[in-house]
Structures are given as C-alpha cells and as structure tokens.
Amino acid sequence: MKATLGKEDRTFKYGACQVNYNYVAKKHIDMNNLGPSYITSLGKHTGGELWTGDRGVLDCRGGKWKLFDGNTLH
C-alpha cells in the first residue's frame with residue numbers, strides 16, 4: 001500500500017487492511033479506528049463512490065487512494 005501512496009503520505013501508519021468484493025455497506029462508524037483511513041476501488045465496475053461525513057462523496061475508482069476519517073459516519 002505505501003508504495004502506491006503519494007510521497008507526502010508514505011509515513012502513514014496502519015494496523016489492518018480490509019478487502020471487500022461485491023459489497024455495499026450501510027452507513028456506519030468504524031470501531032476501534034485509531035485515526036485516518038484510506039480507501040480505493042479496483043477493477044471494472046459501476047459505482048465506486050463513498051459518502052463520508054468529513055469529506056463528502058469520494059470517487060474511489062481508478063486505484064487512487066482517498067483519505068477520510070473512519071471515525072465519522074460513512
């Protein structure tokens with residue numbers, strides 16, 4: 001993951017990586033989240049947006065990492 005982040009984000013520390021396939025989540029707040037989160041969407045598909053309480057709607061398609069606060073509703 002760190003190799004695909006921008007230079008300024010390579011110091012990002014994480015404790016877990018989650019992979020979902022064909023999944024639509026209900027709005028929620030992450031449990032036990034210690035700080036910021038990154039999300040991306042891979043492959044050919046429709047959709048691929050994430051609504052976040054802190055950044056609005058994020059287009060996660062195209063393999064680009066998007067930063068958001070998992071401690072807010074999303």
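Colleague: In what order do the elements of the chain run from the N terminus on?
Modeller: This is a predicted model. The chain holds zero helices and four strands. From the N terminus on, the order of its elements is therefore β-β-β-β.

Colleague: Among contacts between residues at least 6 apart in sequence, what percentage join residues at least 24 apart?
Modeller: The count takes in contacts in the chain between residues at least 6 apart in sequence. Within that set, the contacts that join residues at least 24 apart make up 46%.

Colleague: Which residues form the nonpolar patch on the surface?
Modeller: The patch has about 370 Å² of accessible area together. Membership requires over 30% relative accessible area, and Trp 51, at 38%, is partly exposed. The residues that form the patch are Ile 29, Trp 51, Val 57 and Leu 73.

Colleague: Which residues does Trp 51 touch, not counting residues up to four places away in sequence?
Modeller: Trp 51 is placed in strand 2, which spans residues 49-52. Its C-alpha is 8.5 Å in space from that of Leu 73, a residue 22 positions apart from Trp 51 in sequence. With residues up to four places away in sequence left out, Trp 51 touches Lys 27, Gly 56, Val 57, Leu 73 and His 74.

Colleague: Is Thr 52 buried or exposed?
Modeller: Thr 52 lies in strand 2. Not counting residues up to four places away in sequence, Thr 52 touches Leu 58, Phe 68, Leu 73 and His 74. Its relative accessibility is 1%, so Thr 52 counts as buried.

Colleague: Which residue has the backbone nitrogen that the side chain of Thr 52 reaches?
Modeller: The cut-off for a polar contact between N or O atoms is 3.5 Å. The side chain of Thr 52 reaches a backbone nitrogen at 3.0 Å, and this nitrogen belongs to Arg 55.

Colleague: How many salt bridges does the structure hold?
Modeller: In one of them, the side chains of Glu 49 and Arg 61 meet at 3.3 Å, N to O. In another, the side chains of Asp 59 and Arg 61 meet at 2.8 Å, N to O. The structure's count of salt bridges is two.

Colleague: How many residues apart in sequence are the parts that the pair of Glu 49 and Arg 61 ties together?
Modeller: The side chains of Glu 49 and Arg 61 meet in a salt bridge. Glu 49 lies in strand 2, whereas Arg 61 lies in the loop between strand 3 (56-59) and strand 4 (66-69), so the separation in sequence of the parts tied together is twelve residues.

Colleague: Which residues are linked in a network of salt bridges?
Modeller: Glu 49 is partly exposed at 46% relative accessibility. Arg 61 is partly exposed at 38%, and Asp 59 is partly exposed at 35%. The network of salt bridges links Glu 49, Asp 59 and Arg 61.

Colleague: What is the phi of Asn 22?
Modeller: Most residues other than glycine have a negative phi. Asn 22 is placed in the segment before strand 1 (36-39), and at 75% relative accessibility it counts as exposed. Its phi is positive, near 55°.

Colleague: What is the phi of Asn 32?
Modeller: Asn 32 is placed in the segment before strand 1. With a relative accessible area of 76%, Asn 32 is exposed. Although Asn 32 is not a glycine, its phi is positive, at about 60°.

Colleague: How many disulfides does the count come to?
Modeller: A disulfide requires a pair of cysteine sulfur atoms within 2.5 Å. Cys 17 is exposed, with a relative accessible area of 62%, whereas Cys 60 is buried at 2% relative accessibility. By the distance rule, the number of disulfides is zero.

Terms used
Residues numbered from 1 in each chain as written. Predicted model: local features only at pLDDT ≥ 70, side-chain atom pairs only at ≥ 80, totals over all residues. Heavy atoms only, no water. Helix = DSSP H or I, 4+ residues; strand = E, 2+ residues; numbered from the N terminus. Contact = heavy atoms within 4.5 Å. Patch = residues over 30% accessible without salt bridge, like charges linked within 9 Å, V, L, I, M, F, W, Y side chains within 5 Å. Areas by Shrake-Rupley, 256 points an atom, 1.4 Å probe, with all protein chains shown as cover. Salt bridge = Lys/Arg side-chain N within 4 Å of Asp/Glu carboxyl O. Buried < 20%, exposed > 50% of the residue type's maximum accessible area, 1.4 Å probe, protein only. Polar contact = N/O pair within 3.5 Å; in protein donor to acceptor, adjacent residues only side chain to side chain.
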